[in-house]
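Here's a quick briefing to read alongside the model. Take a look at the fold, then work through the points below.

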Amino acid sequence: MIEFINEHFVPAQVHIRDQKAVFERFGASWTPTQIILDPQGEEQHRTEGFLPAEDFLAQLELGLGKMEFHERHFSEAERMFRAVCDGRPDSGGAPEACYWAGVAAYKETDDPKHLGAAGALLTQRYPASEWARKASVWLH
Amino acid sequence: MASMTIAWQRDVDAALRQARESGKPVLLDFSAAPA
């Protein structure tokens, strides 16, 4: 995890004791909170509360995927989302990643079959998740 | 050899400048952990 963070991010840490104004600036109201800001400083992803390592890594990859998606780099975004959806299927972020992987593939190809495939996967693998419910509209 | 610790910066604006220059995103960690 250390290597992943140092390789992919500029890491910055803010402590409530020393930098309360930075908490207010970014609307952080609980700890731990992690925010991923793109190189232009725009927030792309936020997690609040402690996460075990596997879930935390999944959230970092999910955030990188959202950043690529926002930049309309849909192929790269899909690759990052698949890393979570397929590579960390038991993580809490996996259902969301599977959803966005389908959307990114659709955006890249303009082929709605990717939405249907994502909906089917979510229904089969994570039937109780809100992401399966969101994707259910793609099954009709 | 890979670093064994996360290279946390304490100056958020310096981190944002570095992000712009490097093209990397910032991971901003808000902590209350004891030092």
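Setting aside neighbours within four places in sequence, Ala97(A) is in contact with Leu62(A), Gly65(A), Phe81(A), Val84(A) and Cys85(A); contact here means C-beta atoms, placed from the backbone, within 7 Å. This is a predicted model, where local features need pLDDT of at least 70, side-chain atom pairs count only at pLDDT 80 or more, and totals for chains, interfaces and linings use all residues. Residues are numbered from 1 along each chain as its sequence is written, while chains are lettered from A and ligands numbered from 1 in the order in which they are written.

**The core**

- Ala97(A) is also among the members of the largest nonpolar core that touch the most others, along with Phe81(A), Cys98(A), Ala101(A), Val26(B) and Leu28(B).
- That core has 42 residues, and H5(A) supplies the largest share of them, nine.
- A nonpolar core is a set of buried Ala, Val, Leu, Ile, Met, Phe, Trp, Tyr and Cys residues joined through C-beta atoms within 7 Å.
- Buried means 20 or more other C-beta atoms within 10 Å of a residue's own, exposed means 12 or fewer, and partly exposed is in between.

**Helix pairs in chain A**

- H5 (residues 94-109) and H6 (residues 113-125) of chain A pack at about 170°, their axes 8 Å apart; axes are lines fitted to C-alpha atoms, for helices over the stretch in contact, with angles from 0 to 180 degrees between N-to-C directions.
- That angle makes H5(A) roughly antiparallel to H6(A), a label for angles over 145 degrees.
- On the H5(A) side the contact includes Cys98(A), Ala101(A) and Ala105(A), and on the H6(A) side Leu115(A), Ala118(A) and Leu122(A) are among the partners.
- By class, that contact has eleven nonpolar, three polar and no charged residues; Ala, Val, Leu, Ile, Met, Phe, Trp, Tyr, Cys and Pro count as nonpolar, Asp, Glu, Lys and Arg as charged, and the others, Gly among them, as polar.
- H3 (residues 53-70) and H4 (residues 74-85) of chain A have axes that come within 8 Å and cross at roughly 165°, so H3(A) is roughly antiparallel to H4(A) as well.
- The H3(A)–H4(A) contact includes Leu62(A) and Gly65(A) of H3(A), with Phe81(A) and Val84(A) among the residues of H4(A).
- Its residues divide into ten nonpolar, one polar and three charged.

**Chain B against chain A**

- Chain B has one helix and one strand, and 23% of its 35 residues count as buried.
- 26 residues of chain B are in contact with 28 residues of chain A.
- Helix H1 (12-22) and strand E1 (26-31) are the elements of chain B that give two or more residues to this side, and H1(B) gives the most, with seven.
- That side of chain B splits into 15 nonpolar, seven polar and four charged residues.
- Met4(B) sits in the segment before H1 of chain B and counts as exposed, with 8 C-beta neighbours inside 10 Å.

- Most residues other than glycine have a negative phi, and most peptide bonds are trans.
- Thr31(A) and Pro32(A) are joined by a cis peptide bond, with omega about -10°.
- Arg72(A), in the loop between H3 and H4 of chain A, has a positive phi of about 65° without being a glycine.
- Asp110(A), in the loop between H5 and H6 of chain A, also has a positive phi of about 65°.

Technical notes: Helices (H or I, at least four residues) and strands (E, at least two) are DSSP runs, numbered from the N terminus. Angles under 35 degrees count as roughly parallel, over 145 as roughly antiparallel, 65 to 115 as roughly perpendicular and the rest as oblique. Two residues are in contact if their C-beta atoms, placed from the backbone, lie within 7 Å.
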